[in-house]
Amino acid sequence: MADNELFPVAADWAKRAWVDAGKYKAMYEQSVQDPSAFWGEQGKRVDWIKPYSQVKDVSFDKADLHIRWFADGVLNVSANCIDRHLPKRASQTAIIWEGDDPSKAESITYQQLHDEVCRMANVMKAKGVKKGDRVTIYLPMIPAAAYAMLACARIGAVHSVVFGGFSPDSLANRIQDCDSQFLITADEGLRGGRGVPLKANADAALKTCPNVKTVLVVKHTGGRIEMAAGRDVWLHDEAAKVPATCAPEPMNAEDPLFILYTSGSTGKPKGVLHTSGGYLVFASMTHQYVFDYHDGDIYWCTADVGWVTGHSYILYGPLANGATTLMFEGVPNYPDASRFWQVIDKHKVNIFYTAPTAIRALMREGEAPVKKTSRASLRLLGSVGEPINPEAWLWYHRVIGDGRCPIVDTWWQTETGGILITPLPGAIDQKPGSATLPFFGVKPELVDGEGKVLDGATEGNLCISDSWPGQMRTVYGDHQRFIDTYFSTFPGKYFTGDGCRRDADGYYWITGRVDDVINVSGHRMGTAEVESALVAHPKVAEAAVVGYPHNIKGQGIYAYVTLKTGIQATEELRKELVQHVRTLIGPIASPDLIQWAPGLPKTRSGKIMRRILRKIAENEHSALGDTSTLADPSVVDDLVNNRMNRG
Ligand code: WT7
């Protein structure tokens, strides 16, 4: 790959952007040399009820691990996203909602946002929700999802948003893990013209969640649902009974704002906990500088609020900045492959942020669906969720942006709260496929397997050697897991789980996960989770799951399955297993390929050698490496000979 294929910052960009090359260098230097002074200044971008006197209080030493920012400050996140804008922006659009059905759209002003959020907050209070309580939100991409999150923030409840594509089982696990007693859902979601039975899923989940006392139901499609007497109430009924004002609860900077579950390399998904002050400062600052957001811009991030991208860059970052943020209920190819570009023209979108998997899928449809739209309003494009291959980057740049719009390839994670490595459009020349350089205050390090820091142009494990305000604070209910997962592999550093290359210009190129996490269409999936779903099937004896390169999804899910003795390996059973995983976890966990494996390659101590399984799935049989330590080397021949064609 040509490391020197440069897309330099255009002169007009350097001039109009918040940050140009000189300013980036100076600000970056200051941010890493004197983080307390730098963030002490930046912290003022949000309104504090009681200003902080401390800025950074952090130790990455696992014996004394703590991460605190602005620790004695008091603020309210919802007041920062709404109330403080009202004097100037009461009638400005805060949220543009575009429905799945192209004839449905809505504009919500900051004043309306205020009123809706206050009503929902009052309903929650009336139903007994208190500061510190966990509230689970299982909603489609409708304005009520934003109201619900902000209403939690307003009263100091901790939200846990569960993506609407997750199964009843996954929802139940997440409700139980944080013992949430209040659920907000809708009758149904709508995606690509098809209903998603959210309330029915919630009813199924709640069979194993006896602690949930109240379910607040948003009427969206009007589809028929069951309402459990004494438990389920309609939002519109309750909201009519309460006032449209609700005083924001004063929150400590380090009080929890939300929990978001994400997959790890082992065990069940972990509840990533983010707190209030540092998270908001970081989401707001990154949103302003990375997307070069200026007053009046129309900004659209296509993520779902069920993922961290939706939290930080549909909701909190943009609203903290008084932006107009677009929320889209639908999918890229409904009614047709032109939808994204039609929405851009319809709402005059200036900044567009999406995932490589969507770009690759639309690229396959050719240029015609794009070229029949104008996209003249577009100024900046963004990418997130997985490495973007240079071919997709170039198509995005040339076809979608008409060669006119810079692309910000933003690397970050649920754990980081906001963007850590990215170009700034007025400051950093882009290279297709590279996330380029660190954001302010971020100190990336590449280390080898032994933890030795590697200098210069090199490749290694990506760590971050010091804290930034948006960093997660703990795994909810399991602080030890937080320490073990992120601070123990390479002591004294935050380990990201990603591999990364640094080129001679100091640019970072994320190469993908180095742990047992796979990235399917920009969604994170733990191989262990899919494996345990498979072995939960009565006919399965053992399963091993790995990722393999997939043209559209980035990575596909490849499962090796050993059946119990006497069970016939049939096409029908294969379909049944895929369905079984979908039911247990959700469609995003569906195995793409299942190979019947009479045996799995194991060491003599019984450990599955995933390295070998990965190579077979990747079709690199010649690079299997040393198989002599296997208990039974012949199983490898069988797997190689019967590998699935990944097409
Ligand atoms: C993992 C985090 C960040 C919000 C969405 C995903 C991969 C993310 C990039 C990028 C290469 C990327 C990494 C990371 N990833 N952005 N621009 N280039 N890889 O959040 O579900 O927590 O997943 O996504 O592997 O570790 P997530």
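In this predicted model, Arg-582 is in contact with Pro-587 and Ser-590, when its neighbours within four places in sequence are left aside. Arg-582 itself belongs to helix α19, which covers residues 571–584. It counts as partly exposed because 17 C-beta neighbours lie inside 10 Å, a number between the limits of 12 or fewer for exposed residues and 20 or more for buried ones.

An unreviewed UniProt entry gives the feature "binding site" for Arg-191, Gly-192, Gly-193, Arg-194, Thr-309, Asn-333, Ser-521 and Arg-582. These positions are spread over 392 residues of sequence and are spread in space as well, with up to 24.0 Å between C-alpha atoms. Thr-309 is buried, since 24 other C-beta atoms lie within 10 Å. Not counting residues up to four places away in sequence, Thr-309 touches Cys-301, Ala-303 and Val-384.

A further set of positions carries the feature "binding site" in the unreviewed UniProt entry: Gly-385, Glu-386, Pro-387, Asp-409, Thr-410, Trp-411, Trp-412, Gln-413, Thr-414, Asp-498, Arg-513 and Arg-524. Two of these residues may be followed into the fold. Gln-413 sits in the loop that joins β20 (407–410) to β21 (444–447), and it counts as partly exposed because it has 17 C-beta neighbours inside 10 Å. Arg-513 is placed in strand β26, residues 508–513. With 18 C-beta neighbours inside 10 Å, Arg-513 is likewise classed as partly exposed. Apart from residues up to four places away in sequence, Arg-513 touches Gly-497, Asp-498, Ile-518 and Asn-519; of these, Asp-498 is also listed in the annotation.

The model also contains a ligand, around which 23 residues are found. Which residues are the closest to the ligand? They are Pro-387, Gln-413, Thr-414, Ile-510 and Arg-524. Pro-387, Gln-413, Thr-414 and Arg-524 are among the positions of the annotation that also includes Arg-513. At least two residues of the shell come from each of α12 (308–320), β20, β25 (494–502) and β26.

Attention may now turn to helix α14. This helix is largely enclosed by the rest of the structure, because 6 of its 8 residues are buried. The buried residues are Pro-356, Thr-357, Ala-358, Ile-359, Arg-360 and Leu-362. Their cover includes the strands β18 (351–354), β19 (380–384) and β30 (554–563), together with helix α16 (390–400). Arg-364 lies in the loop between α14 (356–363) and α15 (368–371). Is Arg-364 buried or exposed? It is exposed, because 10 other C-beta atoms lie within 10 Å. Although Arg-364 and Ile-552 are 188 residues apart along the chain, their C-alpha atoms are separated by 8.9 Å.

Val-546 and Trp-300 are 246 residues apart in sequence, and their C-alpha atoms are 33 Å apart in space. Val-546 belongs to strand β29, residues 540–550, and it is buried because 24 other C-beta atoms lie within 10 Å. Leaving out residues up to four places away in sequence, Val-546 touches Thr-527, Tyr-558, Arg-610, Leu-613, Arg-614 and Ala-617. Helix α20 covers residues 610–617. The loop between β31 (593–596) and this helix holds Lys-607, to which the unreviewed UniProt entry assigns the annotation "modified residue: N6-acetyllysine". Lys-607 is exposed, because 11 other C-beta atoms lie within 10 Å.

Two packed helices are described by the angle between their axes and the distance between the axes. For helix α6 (residues 110–126) and helix α7 (residues 143–155), the axes come within 8 Å and cross at roughly 65°, and the crossing is right-handed. On the side of α6, the contact is made by Glu-116, Val-117, Met-120, Ala-121, Met-124 and Lys-125; on the side of α7, by Tyr-147, Ala-148, Leu-150, Ala-151, Arg-154 and Ile-155. The residues of this contact comprise 9 nonpolar and 3 charged, with no polar ones.

Key: Residues are numbered from 1 along each chain as its sequence is written. This is a predicted model: local features need pLDDT of at least 70, side-chain atom pairs count only at pLDDT 80 or more; totals for chains, interfaces and linings use all residues. Axes are lines fitted to C-alpha atoms, for helices over the stretch in contact, and angles run from 0 to 180 degrees between N-to-C directions. Helices (H or I, at least four residues) and strands (E, at least two) are DSSP runs, numbered from the N terminus. A crossing is left-handed if the near helix is turned anticlockwise from the far one by less than a right angle, and right-handed if clockwise. Two residues are in contact if their C-beta atoms, placed from the backbone, lie within 7 Å. Ala, Val, Leu, Ile, Met, Phe, Trp, Tyr, Cys and Pro count as nonpolar, Asp, Glu, Lys and Arg as charged, and the others, Gly among them, as polar. UniProt positions are given in the numbering used here, feature names are shortened, and annotations may be inferred rather than shown by experiment. A residue is near a molecule or strand if its C-beta atom, placed from the backbone, lies within 6 Å of it.
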